Each structure stands twice: as structure tokens, then as C-alpha cells.
Amino acid sequence: MNRWTLIFKALANINRLKIIKLLAKRNNLNVSEIAEIIDISLNATSKHLIILSNLGILEGKGKQGHVFYRISDNLPDDIKRSINLFLK
């Protein structure tokens, strides 16, 4: 599938947009914190984080038995511009 098709498909989900918006404001949150803040199950949150991580939008770092997520520092400029449209 085309790269942009995958990206826009990922961004078409309201919960994934909420996660991106949250992590744009507050870096380094774990799955439990994200799930609680956006009010969805841990399982659903984990699935959304995997999709966003596989696309390179998020990166996770293990620490103290948890994975803490943030917006990727290596996010390509074209994806960054597209995401910024949703964050406004």
C-alpha cells in the first residue's frame, strides 16, 4: 500500500489523533497514562500506539518496566506538516 495511504488511514482514526495531539503537548507518557487521559481501554490504546509507531510517527523507550511514548524526533518533514494540520 502507498505510504501516504497508510499515513492518512492512521490519521483518520479519532483516537489516534487524540494520542498524537496529547503527545505533542506532553512527551513521554506510558500506555496506562494515555489510555486514562483519552478514556479508552489499554488494549485499544496499545493497538493504536503500535500502528503509529510502525509508521514512524511515535517512538517508544523502555524505562522502569514501562514503555514511554513520544512523537518521533526523526519524523519526516512531509509527515510533520500533515500532522500539524490536524493539531491546529
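Okay, a quick definition to start: buried means under 20% relative accessible area, exposed means over 50%, and partly exposed is in between, using a 1.4 Å probe and protein chains only. By that rule Asp73, at 53% relative accessibility, counts as exposed.

Some housekeeping. This is a predicted model, where local features need pLDDT of at least 70 and side-chain atom pairs count only at pLDDT 80 or more, while totals for chains, interfaces and linings use all residues. Residues are numbered from 1 along each chain as its sequence is written, and side-chain values use heavy atoms, with hydrogens and water left out.

So, who does Asp73 pair with? That's Arg70: they form a salt bridge, with the closest N and O atoms 2.5 Å apart. Salt bridge here means a side-chain nitrogen of Lys or Arg within 4 Å of a carboxyl oxygen of Asp or Glu. Arg70 also bridges to Glu59, at 3.3 Å between the closest N and O atoms. Arg70 sits in strand E3 and Glu59 in strand E2, so this pair ties together parts 11 residues apart in sequence. Strands are DSSP runs of E, at least two residues, and helices are runs of H or I, at least four, numbered from the N terminus. Arg70 is partly exposed at 22%, and so is Glu59 at 26%. Put together, Glu59, Arg70 and Asp73 make a salt-bridge network.

Now over to helix H4. Its buried residues are Thr45, His48, Leu49 and Leu52. Looking down the axis of H4, they fall within an arc of 100° (taken from the directions from the helix axis to the C-beta atoms), so they line one face. Turned away from that buried side are the exposed Lys47 and Asn54. Just after H4, Gly56 takes a positive phi of about 80°.
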